[in-house]
Amino acid sequence: MIIDSHQHFWKYSPVSHSWINEQMKVIRRDFLPSDLKPVFVKNGVDGCVAVQADQTLAETDFLLEHAHNNAFVKGVVGWVDLRSPDVDQALEKYAKDKNLKGYRHIVQDEADHNFMLRPDFLRGISKLEQYGAVYDILVFPHQLGATLELVKKFPNQKFVIDHIAKPYIKDGFYDGWAAMMKEIAKHENVHCKISGMITEADFKTWTPEQIHPYMLLVLEAFGPERCMYGSDWPVCLVAGTYTQVKELTTNFISSLSTAEQAAIMGLNAVDFYGLE
């Protein structure tokens with residue numbers, strides 16, 4: 001079973017999707033399950049986890065509606081305001097929906113490097129375990145110090161780092177990112193998505209060989225049992241095709257055992273998110 005652990009749907013809006021700059025204009029349009037299903041059929045993918053791209057409750061409801069209507073959308077990582085005094089009310093509501101698996105905040109856009117260590121945010125994170133919700137960590141490398149402190153504080157909370165923490169592949173920066181990822185990986189409650197890498201390289205000139213050192217570090221640090229494949233579709237389309245993204249991972253892990261490959265390409269996501 002192949003599960004794409006990370007993709008998005010949206011109805012394009014210049015306001016809510018203002019992050020899609022001129023370089024990325026190819027994805028300035030709607031992307032819905034009807035667009036993704038034939039891509040999955042072509043590439044032999046069985047299902048996916050849909051992840052929030054907008055920080056509203058309407059976004060969470062939008063993704064859940066697609067999960068309810070499309071069997072291949074097996075889980076949703078939504079958004080609630082984890083800083084809200086009323087966070088319990090939102091978490092309790094969404095816990096009733098079997099498709100809601102976890103939450104994410106777009107921390108990479110927060111100016112405060114230590115945003116995740118603020119008391120109100122920590123309070124929200126402390127509530128997730130009781131509702132059986134995981135948390136996707138979306139950060140840049142300069143926020144990995146706060147990430148390490150966060151995962152230390154909640155050893156029983158299931159975390160996953162999105163897009164291998166977005167190392168600056170285009171600029172060739174590696175050492176600082178690598179050191180922090182090794183430290184974070186020592187905490188066994190943390191997993192890592194092998195996703196979102198080609199868009200951190202040069203959109204037009206990237207090669208698998210440029211990305212392999214970053215993939216190798218993650219694979220060695222987290223082990224095959226805590227890594228999971230993700231495409232970051234449709235964002236990935238600014239730098240390549242879905243097939244290229246999938247093959248970047250399948251070719252890289254081809255020397256692993258059949259069981260390890262199956263884990264990375266789907267079974268780890270099934271277990272981590274509790275997919276059916």
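**Aromatic rings, question by question**

Me: Why is Tyr214 called buried?
Reply: Tyr214 has 4% relative accessibility, and buried means under 20% relative accessible area (exposed is over 50%, partly exposed in between; 1.4 Å probe, protein chains only), so Tyr214 counts as buried. This is a predicted model, where local features need pLDDT of at least 70, side-chain atom pairs count only at pLDDT 80 or more, and totals for chains, interfaces and linings use all residues. Residues are numbered from 1 along each chain as its sequence is written, and side-chain values use heavy atoms, leaving out hydrogens and water.

Me: How many aromatic pairs are there?
Reply: There are 15 aromatic pairs, counting rings of Phe, Tyr and Trp (its six-membered ring) with centres within 6.5 Å; planes under 30 degrees apart are stacked, over 60 edge-to-face, the rest tilted.

Me: What makes Tyr135 and Phe159 edge-to-face?
Reply: Their planes are 85 degrees apart, with 6.3 Å centre to centre. Tyr135 is in strand S5 and Phe159 in strand S6, 24 residues apart (strands are DSSP runs of E, at least two residues; helices of H or I, at least four; numbered from the N terminus). Both Tyr135 and Phe159 are buried.

Me: Why is the pair of Trp177 and Tyr214 called tilted?
Reply: The ring centres of Trp177 and Tyr214 are 5.3 Å apart and their planes are at 55 degrees, so the pair is tilted. The pair links helix H6, with Trp177, to helix H7, with Tyr214, 37 residues apart.

Me: Which ring has Lys158 over its face?
Reply: Lys158 lies over Phe272, at 5.1 Å from the ring centre; the rule asks for NZ of Lys or CZ of Arg within 6 Å of the centre and within 35 degrees of the ring normal.
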